Amino acid sequence: MKSLVVLLVSLFTVATANATLIDFEDVAASETRVVYLPSTPYTEEGFVLTSTHNHAAVIDVDYSTYGFNFVGNDTDWFGFSEYNTVTLTADSGSSFDLSDLVLGINAYASSSSIDVLITGNLFSGDTLVSNQTNLTTATFINLEWTDLVSVVFTTSNDAGLDNLNVFATSSAEVSAPGAFAIIALGLVMIGFRKTRNS
Ligand SMILES: [Ca+2]
Ligand SMILES: [Ca+2]
């Protein structure tokens, strides 16, 4: 019976492998923002957003004192200006996948639309680029990038970021083939016990 419990836990672990949504909720209290300096980067669910300038903050959906509003997004979000370069990494230093995200303009921007350059630095040393131009509202960006070391964001004017759909792919964790080997061993052990008991 104990083996069966271990087996079920193993199956569950494989099925839910490391999917993470970085959504910036429960950080900024109502009508406030939390600024992140280059020395104090934002962290959530094992991922880090590092800024090069103090124009970076998690902003409450109702923060309107300075006209900050992520057009088309009605949740808390991450804002950064054109003076900033924002870099996403896994805080363990492991590689990761970035499936998709939501990107758009902060109403505070002095332009009516923005251009955002997304650069993916791969574990292999290669580079991927996604150039999002003329963004006027929260836009779903499907990337499906894998084996990343970092992803860098730069913008032409005040931008908003939300719902980064990421997967940690640390080599330190049990790989799928490794997990299946453990499950197979569990099945063998259950079979062995039944044989002995019969
Ligand atoms: Ca959000
Ligand atoms: Ca909030």
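**Close-up views of a predicted model**

**View 1. Glutamate 31 is an exposed loop residue.** Glutamate 31 counts as exposed because 11 other C-beta atoms lie within 10 Å (exposed means 12 or fewer other C-beta atoms within 10 Å of the residue's own, buried means 20 or more, and partly exposed lies in between; C-beta atoms are placed from the backbone). The loop that holds glutamate 31 lies between β1 and β2 (strands are DSSP runs of E, at least two residues, numbered from the N terminus). Its phi is near 65 degrees, a positive value in a residue other than glycine. This is a predicted model, in which local features need pLDDT of at least 70, side-chain atom pairs count only at pLDDT 80 or more, and totals for chains, interfaces and linings use all residues. Residues are numbered from 1 along each chain as its sequence is written.

**View 2. Phenylalanine 24 is a buried loop residue.** Phenylalanine 24 sits in the loop between β1 (19-22) and β2 (33-35). It counts as buried because it has 25 C-beta neighbours inside 10 Å. Phi of phenylalanine 24 is near 65 degrees.

**View 3. Asparagine 121 lies in strand β9.** With 17 C-beta neighbours inside 10 Å, asparagine 121 is partly exposed. Its C-alpha is 8.1 Å from that of valine 152, 31 residues away in sequence.

**View 4. The largest nonpolar core has 38 residues.** Such a core is a set of buried Ala, Val, Leu, Ile, Met, Phe, Trp, Tyr and Cys residues joined through C-beta atoms within 7 Å. Among the residues that touch the most other members are Val58, Phe78 and Leu161. Strand β8 gives the largest share, 6 residues.

Definitions and conventions: Chains are lettered from A and ligands numbered from 1 in the order in which they are written. Helices (H or I, at least four residues) and strands (E, at least two) are DSSP runs, numbered from the N terminus.
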